[in-house]
Amino acid sequence: MIELVDIAYVRSGAADLAGAVRFATEVVGLEHVDGGEPGVAHLRADGRHHCLAFVEGVSGVIASAFTVADPGALALAETELETRGFAVRRGDAAEARSRRVSEFVAFDDPFGNRIELVVGQQTLARPVRFARGSGITEFGHLCLDAPDITEAHRFWSTTFNARASDWIGDAACLMRIDEVHHKLAVFQGDRPGLCHVNFQVAELDDVFRNWHHLQDHDVVIEMGPGRHPQSGAVFLYFLGPEGLTYEYSYGVRRITDEAAWRPRFFDPAERGSIDMWLGPTQKPITQPQLIPEGIRP
Ligand SMILES: CC(C)c1ccc(C(=O)O)c(O)c1O
Ligand SMILES: [Fe+2]
């Protein structure tokens with residue numbers, strides 16, 4: 001069993017790098033950390049050097065990354081994945097530098113999502129220089145697509161320490177790796193890809209202020225404002241460039257009594273199972289997973 005300590009970053013291809021950065025800063029509110037690396041832009045939300053990197057090229061998600069404890073844990077994870085039949089690749093020094101980690105390995109999950117396990121993710125000591133006052137406090141979670149979420153849960157909970165916090169029928173499984181209700185979610189989708197990235201905001205007011213900001217900038221709102229009955233968070237999903245869906249949310253539940261928590265099963269057919277406020281719901285638009293040759297057929 002491989003212990004995931006936290007989510008680390010999402011790396012995404014961007015056909016229009018400048019446009020993706022403009023949106024991530026001026027609209028979403030993230031900081032653009034200038035790393036002086038041509039063709040790569042790092043976006044910051046919290047102590048991590050970055051939680052989102054855009055790489056100039058074909059649009060699509062390149063990888064979703066998680067932290068493990070230390071180099072020893074990474075070496076054990078590498079062996080464990082290989083024993084389980086996964087092809088694991090060690091990142092080279094230049095790739096690790098671009099990711100601001102000391103070491104990483106990459107593999108494809110059984111559904112075709114490229115996952116990276118990292119150690120030594122760089123922390124920046126100085127406060128985040130948010131591009132605007134969106135109220136972002138941290139990179140909250142990432143959500144992947146998989147064709148069968150029961151199988152996806154089986155994979156994440158047997159290979160890794162992910163535990164189901166709640167299920168939305170066969171549509172989605174929300175999994176925790178620490179006290180936060182979920183840092184990883186899997187949504188049913190026919191192809192691998194990144195369903196969305198989530199940023200927590202400090203206040204309820206931030207969600208609504210951001211909603212107006214998005215509307216003023218003609219951003220496509222996919223869902224919300226609404227409230228998820230699972231984490232209890234107030235949410236807002238919106239579509240950015242390169243097909244990347246962002247979510248702001250406020251008030252995510254923490255599961256402090258691990259022994260007492262039992263996952264709940266919500267029926268996706270019940271109105272209110274995704275939004276307690278009964279607003280219109282839809283599956284967030286997924287950014288397809290890239291393979292080196294291009295987009296997976
Ligand atoms: C619609 C998706 C999978 C979803 C459902 C519930 C929550 C939550 O409880 O916070 C999410 O964050 C989601 O992204
Ligand atoms: Fe989410």
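**Labels and their cut-offs**

Modeller: A search of the whole structure finds 18 aromatic pairs. Rings of Phe, Tyr and Trp (its six-membered ring) pair if their centres lie within 6.5 Å. This is a predicted model, where local features need pLDDT of at least 70, side-chain atom pairs count only at pLDDT 80 or more, and totals for chains, interfaces and linings use all residues. Residues are numbered from 1 along each chain as its sequence is written, chains are lettered from A and ligands numbered from 1 in the order in which they are written, and side-chain values use heavy atoms, with hydrogens and water left out.

Biologist: Why is the pair W167 and F265 called stacked?

Modeller: Planes under 30 degrees apart count as stacked, over 60 as edge-to-face and the rest as tilted. W167 and F265 have 10° between their planes and lie 6.1 Å centre to centre, so they are a stacked pair. The pair links distant parts of the chain: W167 is in strand β10 and F265 in strand β17, 98 residues apart. Strands are DSSP runs (E, at least two residues), numbered from the N terminus.

Biologist: Is W167 buried or exposed? And F265?

Modeller: Buried means under 20% relative accessible area, exposed over 50%, partly exposed in between (1.4 Å probe, protein chains only). W167 has 9%, so W167 is buried. F265 has 64%, so F265 is exposed.

Biologist: What makes F235 and Y237 edge-to-face?

Modeller: The angle between their planes is 65°, with 5.3 Å centre to centre. F235 is buried at 0%, and Y237 is buried at 5%.

Biologist: Which residues are the protein donors of the iron ion (ligand 2)?

Modeller: H141 (NE2), H196 (NE2) and E247 (OE), lying 2.0 to 2.2 Å from the iron ion. Donors are N, O and S atoms within 2.8 Å of the metal (3.2 Å for Na, K and Ca); water is not among the atoms, so sites may look incomplete. H141 in strand β9 and E247 in strand β16 are 106 residues apart. H141 is buried at 3%, and E247 is buried at 1%.

Biologist: How do you know that β7 and β8 pair?

Modeller: Two strands pair if DSSP finds at least two bridges between them. β7 and β8 have six, in the antiparallel sense. F107 has I115 in β8 as its bridge partner.

Biologist: What is the order of the open sheet of eight strands?

Modeller: β2-β3-β4-β1-β5-β8-β7-β6, with mixed pairing. β2 and β6 stand at the edges, each with a single partner strand, so one side of each has no neighbour in the sheet.

How values were computed. Helix = DSSP H or I, 4+ residues; strand = E, 2+ residues; numbered from the N terminus.
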